[in-house]
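Hello,

Here is the structure for you to look at. My notes follow below it.

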Amino acid sequence: NLLYFAWYDLGYALESVTLGLSGMLFIHLSRGYARDYIQMQQQITGFVPQDADCFCCTVGHKLPGTDQEISCDREAIYQAIREWYDGGLEEFQEAVRTELHAIVNARLGSMYSYTDALIIGLASVLVNFSEARLFCLNWPSVQSWGISFLYEWLALTPFKVCTATLLAVLAQKKCGNSRLCDVAVSLALAIPWAGFGWFVQWITTGNLMVQLGLCVALMLLSNVLMSARVFSFLLRCSSRSK
């Protein structure tokens with residue numbers, strides 16, 4: 001038994017390291033996604049039809065390697081737009097900046113939903129079930145394990161995903177042109193994030209009533225913070241400070 005618990009402590013330490021590294025990767029990828037999202041929003045709200053590139057114009061309206069002339073796609077597209085929109089290019093530009101922008105916002109939603117967080121937490125579900133035979137020795141211990149399991153999967157894991165997403169969005173700005181520097185920023189964000197997650201888990205260990213109360217509170221908080229409205233607001237704040 002002593003040997004088993006020694007290996008268990010070692011596994012717990014390795015789990016902590018793995019959580020920190022996976023958190024860094026998660027935050028790093030989410031920061032890149034937030035940057036892409038902001039860039040896409042800026043491209044839509046600043047769309048100008050005349051700025052769009054056409055292959056025919058870039059090659060001087062001649063097939064590369066030959067002197068054969070090709071028709072201008074830009075003029076054909078402009079003509080089609082003028083037939084679709086009475087106001088011509090100006091009305092089309094305004095439609096893209098307003099109508100398309102609203103549609104894209106509505107369709108994309110948030111970066112991660114509560115359901116996504118539960119799927120991410122499936123790995124911890126398997127770990128908890130593997131530990132069940134060690135801790136579930138009688139009915140009270142089964143109840144304690146069950147509450148702790150539900151608390152970790154339904155509340156704590158979504159809250160960790162939520163806080164990691166918030167950090168990624170608020171710190172989405174790339175650190176210069178150095179990839180190593182950018183990874184270092186993600187690592188610097190992941191260390192306090194992992195520590196805070198373990199602290200929240202530690203203060204509730206063994207206290208079932210606190211776990212039940214926090215379970216409900218963190219579930220509600222995570223659903224609110226991972227909503228599309230909050231995500232859009234954070235992106236606007238982050239892009240303005242860029």
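Helix H3 covers residues 73-84, twelve in number. From first C-alpha to last, H3 reaches 17 Å, close to the 16 Å expected at 1.5 Å a residue. That expected span is 1.5 Å times one less than the number of residues. Helices here are DSSP runs (H or I, at least four residues), numbered from the N terminus.

This is a predicted model: local features need pLDDT of at least 70, side-chain atom pairs count only at pLDDT 80 or more, and totals for chains, interfaces and linings use all residues. Residues are numbered from 1 along each chain as its sequence is written, and side-chain values use heavy atoms, with hydrogens and water left out.

Which residues of H3 are buried? They are Arg 74, Tyr 78 and Ile 81. Buried means under 20% relative accessible area, exposed over 50%, partly exposed in between (1.4 Å probe, protein chains only). The three cover an arc of only 60° around the axis, so they lie on the same side of H3. The arc is taken from the directions from the helix axis to the C-beta atoms. Their cover includes helix H2 (55-58) and helix H4 (88-108). The face turned away from the buried side carries exposed Ala 76, Glu 83 and Trp 84.

Now the core. The largest nonpolar core has 27 residues. Such a core is a set of buried Ala, Val, Leu, Ile, Met, Phe, Trp, Tyr and Cys residues joined through side-chain atoms within 4.5 Å. Ile 27, Val 169 and Leu 235 touch the most other members. H1 gives the largest share, seven residues.

Best wishes

Note on methods. Helices (H or I, at least four residues) and strands (E, at least two) are DSSP runs, numbered from the N terminus. Contact means heavy atoms within 4.5 Å.
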